[in-house]
Amino acid sequence: MGSADPAGMAAAEVAVRPIANCPCCGTAVTRTLYRAPSIPVHSCILVDSAKEACALPRRDLELAYCDACGFVFNHAFDGAVMSYSTNFEESQHFSGTFNSFAKELAREIAQRCALAGKDVLEIGCGKGEFLRELCSVGKSTGLGIDPGYRADEGRCVEGDNVHFITDFFEPYKHLSADVIVCRHTLEHIASVADFVRSIREMFGARDDAWVVFETPDVKRVLGEGAFWDIYYEHCSYFSPGAHARLFRQEGFEVTDLALVYDDQYIVQYAKPACGRSVQRLPLEQDLEEMHALALRFPERVKKIRDEWRERLRSAWEGGRRVVLWGGGSKGVSFLTTLGLKDEIAAVVDVNPFKQGKYMPGTGHPIISPRALVGEPPDWVVVMNSIYVDEIASTLRALGLEPEISAVGPRLEG
Ligand SMILES: [Zn+2]
């Protein structure tokens, strides 16, 4: 590793001896794709000062790739350092774009799983917005479990039919449910096969139950060199095929597999089956494509990183006021991976619980869109291209017309 590019690797490295066993399929893994040394272990934590934000614990991330099943994971992950608590803010439900997507998905799940009158368990329910929506449209009862659940006044009203437990899932494996929903949680779990197995065990001999998972797609991350989508909390990275292979291996029949939200997320429906089931969906056949993406990723991500560093440095040298839009994990990863400081004046976030706080790792202040009026930005860099239209109209309504760019493929052109 050169000092000018501490996070970089010129090419995928193959170790002589195995570096780890694949947490999905158990195969000995020898290939590493990416390194991000000393990154903050929490990127959704709320901190009250820049100093505190910069002093948060850090660890190394090193992505390994399993040639056998296409799974990508941080083999240097240290689960003991993760302390999820209610002082986290991961909700995306303050965005209209995200809310429409979540509502549509809730309707789809309600229909496909014939939810009426059924018990739904959501593992990793966050602040519970989705479960409430799901049980409302599905006319079902719900239990949400999440160590970060917090009953905020005005947003987390418990109805008669929806209840929450602020805890990890582990102690509640004995519970039963007709439908298990698990969104944006599997990527936070290191022992993924054990986790899926314990869900399968909850159903026993039942074959009328459903599990619905939503997980980020790593194929897009690899293809775009999207380093901002790689951060410490995410220790497990799936392609649609790797996702389905894991569930089939652990005794589920995967009935539907799709890419949604501008192809950013995998949505998978599955039912309990007897033993290992057989691959049969088109999106599952991605192993060759994954091999090619994995091989090219180190070079691709280096190029994208160098381009962004250069653009931001020259904007700063030119005296342009640049703000980042998106104070979540992508923003934290973008800032810490590029080693940005003065180049970015502030980070905007529409979530009021984040405003007035500081970005973990770098200490950039998080401000409301309205706060831009006093000090108008010249350039807004958006951390997720799907929000560009929504952000542009928010800025116009504030009388602001900065240049707007988004990370990802739409940037070019
Ligand atoms: Zn594997």
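Visitor: How many aromatic pairs does this one have?
Guide: The count comes to 20 aromatic pairs. Keep in mind that this is a predicted model.

Visitor: Could you show me one? What kind of pair do tryptophan 308 and phenylalanine 334 form?
Guide: Tryptophan 308 and phenylalanine 334 form an edge-to-face pair, with 5.4 Å from centre to centre and 80° between the planes.

Visitor: And where in the chain do those two sit?
Guide: Tryptophan 308 belongs to helix H7 (residues 287-317), while phenylalanine 334 is in helix H8 (residues 329-338). They are 26 residues apart, and the pair links distant parts of the chain.

Visitor: Is tryptophan 308 buried or exposed?
Guide: Tryptophan 308 counts as buried, because its relative accessibility is 1%. Phenylalanine 334 counts as buried too, at 0% relative accessibility.

Visitor: Now for charges. What lies over the face of tryptophan 308?
Guide: That would be arginine 311, at 4.8 Å from the ring centre. Elsewhere, arginine 150 has its charged end over the ring of phenylalanine 353, 5.3 Å from the centre of that ring.

Visitor: Changing topic: what is the mean pLDDT of the protein chain?
Guide: The mean is 92, and 93% of the residues reach 70 or more. Over residues 1-7, though, the pLDDT is below 50.

Visitor: How many contacts does that stretch have beyond near neighbours in sequence?
Guide: Residues 1-7 have 13 such contacts in the model.

Key
Residues are numbered from 1 along each chain as its sequence is written. This is a predicted model: local features need pLDDT of at least 70, side-chain atom pairs count only at pLDDT 80 or more; totals for chains, interfaces and linings use all residues. Side-chain values use heavy atoms; hydrogens and water are left out. pLDDT is the predictor's confidence in each residue, from 0 to 100. Contact means heavy atoms within 4.5 Å. Rings of Phe, Tyr and Trp (its six-membered ring) pair if their centres lie within 6.5 Å; planes under 30 degrees apart count as stacked, over 60 as edge-to-face and the rest as tilted. Helices (H or I, at least four residues) and strands (E, at least two) are DSSP runs, numbered from the N terminus. Buried means under 20% relative accessible area, exposed over 50%, partly exposed in between (1.4 Å probe, protein chains only). A charge sits over a ring if NZ of Lys or CZ of Arg is within 6 Å of the ring centre and within 35 degrees of the ring normal.
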